[in-house]
Amino acid sequence: MAACPDQEARVDLHAAGALEASETVALLHHLESCAGCREAFAASVEVLSLLTLPAPTAAEKHAQESLPQRALDTWKRERMSQALRRRTVGSLVAAAAAVAVMVLVPGIPRPWDWNTPPEPRELPSEERAVEARALADFEAWAGLEPLEASSEWEDEEALDDVESWDEEALLGETL
C-alpha cells in the first residue's frame, strides 16, 4: 500500500522530526485511520535510522566544546602578531628617518663629532657691518644708548647697590 498523495511529504517530514506541531497533530489523526500512510511512515523511519550518525566520542565532544575558545585564542594570537609587526615596522621606519636626517641635513651636530669642538667661524667684514648696523638700529628703536665696547661703570654707586642686593629677599618679594 502506498501513502496518500497529499500526505507523502508530511509523512516524510514527520519521520525526520521536521514537521510543525500543529501539522503533527493532524497527521497523527490521519495515521490512525490510514494503513498506507502508516507503512510509508515506518519505511521512512527505517531509512532515516540508517542515516543517523553514531554518538560522538568523548574526544569529539571535548573538541566541539573547546572550539569557540580555540578560535578566540587563535584570533587573539593573530591580532597580537599583526600589532607586533606594525610596531616593529614603524620603529624601523622612524629609526631610518632619524639616521637619514642626521646624515643628510647639514648643520646639525653629529653624534660621532661630539668630541671635536666646532671651529669658530670668522665673519666676513660685510657680515660684521650688517650685524653692527642691525644692533644700532635695534638700539635706536628701543630708545637705548649705544653700547660701549668697554665694560666700565660710570656710576660707581650703582655698582655698589647691585653688590649689596639680598637675592633671597628680592626673590621673596617677587613671589
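This is a predicted model: local features need pLDDT of at least 70, side-chain atom pairs count only at pLDDT 80 or more; totals for chains, interfaces and linings use all residues.
The protein contains seven helices and zero strands. Read in sequence order, its pattern is α-α-α-α-α-α-α. Of its 175 residues, 10% are buried. Taking contacts between residues at least 6 apart in sequence, 43% join residues at least 24 apart.

The segment before α1 holds Gln7. Gln7 counts as buried because its relative accessibility is 9%, and the cut-off for buried is under 20%. Leaving aside residues up to four places away in sequence, Gln7 touches Leu27, His30 and Cys37. Leu27 is itself one of the buried residues of α2, and Cys37 is one of those of α3.

Helix α2 covers residues 21–33. At 1.5 Å a residue, its 13 residues should span 18 Å, and the end C-alpha atoms are 19 Å apart, which agrees. Which residues of α2 are buried? They are Thr24, Leu27 and Leu31. These residues cover an arc of only 70° around the axis, so they sit on the same side of α2. The buried residues of α2 pack against α1 (8–16) and α3 (35–50).

Helix α3 can be read in a similar order. Its 16 residues should span 22 Å at 1.5 Å a residue, and its end C-alpha atoms are 23 Å apart, which agrees. The buried residues in α3 are Gly36, Cys37 and Ser44. Viewed down the axis of α3, they fall within an arc of 90°, so they line one face of the helix. Glu46 and Leu50, on the other side of α3, are exposed. The cover over the buried residues of α3 includes α1 and α2.

The last topic is the surface. The protein exposes about 15,200 Å², and carbon and sulfur atoms supply 61% of this area. A nonpolar surface patch of about 500 Å² is made by Val99, Val101, Val103, Leu104, Val105 and Ile108. One of these residues, Val99, lies in helix α4, which runs over residues 58–104.

Definitions and conventions
Residues are numbered from 1 along each chain as its sequence is written. Side-chain values use heavy atoms; hydrogens and water are left out. Helices (H or I, at least four residues) and strands (E, at least two) are DSSP runs, numbered from the N terminus. The expected span of a helix is 1.5 Å times one less than its number of residues. Buried means under 20% relative accessible area, exposed over 50%, partly exposed in between (1.4 Å probe, protein chains only). The arc is that of the directions from the helix axis to the C-beta atoms. Contact means heavy atoms within 4.5 Å. Patches are made of residues with over 30% relative accessible area and no salt bridge: like charges are joined within 9 Å, nonpolar side chains (Val, Leu, Ile, Met, Phe, Trp, Tyr) within 5 Å. Accessible areas come from the Shrake-Rupley method with a 1.4 Å probe; for residues, only the protein chains shown count as cover. A salt bridge is a side-chain nitrogen of Lys or Arg within 4 Å of a carboxyl oxygen of Asp or Glu.
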